[in-house]
Amino acid sequence: MTEQSPEQQPTDQQVAEQQSTVQQSTVQQSTDLRETVRRRYAAAAVQVAEGGTACCGPAAIEIDDHFGAGLYTGAERGELPAEAVAASLGCGNPTAVADLHEGERVLDLGSGGGIDVLLSARRVGATGMAYGLDMTEEMLALALANQKKAGATNVTFLKGAIEAIPLPEATIDVVISNCVINLSTDKRAVFTEMHRVLVPGGRIGISDVVAADELTPVQRAERGDYVGCVAGALSFTEYGAGLEAAGFTAIEITPTHAVADGMHSALVRAVKPRATAPE
């Protein structure tokens with residue numbers, strides 16, 4: 001191997017410029033992916049509002065037994081406005097995972113047309129509160145219309161990113177989400193934010209797409225794209241490690257059904273530990 005002469009070696013300024021270029025490219029890719037997701041879900045919301053139906057991803061994994069309203073019971077679907085059911089884009093039923101109780105405060109990350117928020121509102125009752133967080137204006141408009149049709153008064157919809165939740169620290173008892181965290185380009189921030197807004201002893205009950213540990217990022221990308229809820233998925237090991245790094249305990253990640261080869265819908269449970277008294 002030929003060594004570079006001092007004249008050929010990059011200067012500190014050149015190295016810094018190269019690093020800056022890489023960082024800018026990474027930020028731009030993240031921004032582009034977020035915008036792609038936003039546009040797709042905005043279009044889905046408009047389609048539902050105009051009387052159509054929405055789907056989670058491309059034709060290969062359009063709504064069927066793996067995604068959408070069919071994952072809810074007939075009784076649950078019957079409780080809600082048709083538009084909320086039609087706009088269901090998820091891969092599971094997080095309200096069934098979370099085991100909600102009267103009086104609890106629930107936050108749904110990526111609440112879409114509001115199906116999980118409205119179901120949660122019924123479960124926590126008048127003394128509880130269900131929050132929905134979404135970054136898409138069109139989905140928020142659809143959710144607010146569905147809230148009005150459902151007559152739900154213990155519901156608040158918020159605009160924002162799941163990587164920067166617009167709620168104070170320790171104000172939520174339960175965080176739910178339905179096939180949305182896998183779409184984030186900064187899942188570490190999502191896990192940290194969930195931990196921050198939960199009260200000590202609070203918990204998460206999430207449905208998400210998770211990849212088999214043996215699949216590489218390239219292989220995950222071959223099975224779909226970010227908008228299709230597949231390529232952005234963490235592996236089972238990565239998901240558990242991310243939650244643990246954020247401070248969660250009692251982590252359980254249970255696959256329920258395959259959504260593509262090596263890709264699974266999974267139920268994710270974890271707890272924010274209660275504060276321990278100083279010795």
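Helix α7 (residues 187-197) is largely enclosed by the rest of the structure, because eight of its 11 residues are buried. Buried means under 20% relative accessible area, with exposed over 50% and partly exposed in between, for a 1.4 Å probe and protein chains only. The buried residues of α7 are K187, A189, V190, F191, E193, M194, H195 and V197. Their cover includes strands β1 (105-109), β4 (172-178) and β5, together with helix α9.

This is a predicted model, in which local features need pLDDT of at least 70 and side-chain atom pairs count only at pLDDT 80 or more, while totals for chains, interfaces and linings use all residues. Residues are numbered from 1 along each chain as its sequence is written, and side-chain values use heavy atoms, with hydrogens and water left out.

The protein chain has nine helices and seven strands. Helices (H or I, at least four residues) and strands (E, at least two) are DSSP runs, numbered from the N terminus. Of the 279 residues in the chain, 48% are buried. A contact means heavy atoms within 4.5 Å; among contacts between residues at least 6 apart in sequence, 71% join residues at least 24 apart. The chain exposes about 13,400 Å², and carbon and sulfur atoms supply 52% of this area. Accessible areas come from the Shrake-Rupley method with a 1.4 Å probe.

The seven strands form an open sheet of mixed pairing, in the order β3-β2-β1-β4-β5-β7-β6. Strands β3 (155-159) and β6 (249-260) stand at the edges with a single partner strand each, so one side of each has no neighbour in the sheet. From one strand to the next the twist averages 15°. Two strands pair if DSSP finds at least two bridges between them. Two of the pairings are set out below.

| Strand pair | Sense | Bridges | Example of bridge partners |
|---|---|---|---|
| β6 and β7 (residues 263-271) | antiparallel | eight bridges | E252 and R269 |
| β4 and β5 | parallel | six bridges | S177 and I206 |

Strand β5 is mostly covered, with 11 of its 14 residues buried.

Helix α9 lies across β5 (198-211), β6 and β7, running at about 150° to β6. Axes are lines fitted to C-alpha atoms, for helices over the stretch in contact, and angles run from 0 to 180 degrees between N-to-C directions.

Rings of Phe, Tyr and Trp (its six-membered ring) pair if their centres lie within 6.5 Å; planes under 30 degrees apart count as stacked, over 60 as edge-to-face and the rest as tilted. By this rule there is one aromatic pair. It is a tilted pair of F191 and Y239, 5.2 Å centre to centre with 45° between the planes. The pair links F191 in α7 to Y239 in α9 (residues 236-246), 48 residues apart. Both F191 and Y239 are buried.

The pLDDT, the predictor's confidence in each residue from 0 to 100, averages 77 over the chain, and 63% of the residues score at least 70. Over residues 20-30 the pLDDT is below 50, and beyond near neighbours in sequence this stretch has one contact in the model. Residues 53-67 also have pLDDT below 50, with 48 contacts beyond near neighbours in sequence. Where pLDDT is low, the predicted coordinates should not be read in detail.
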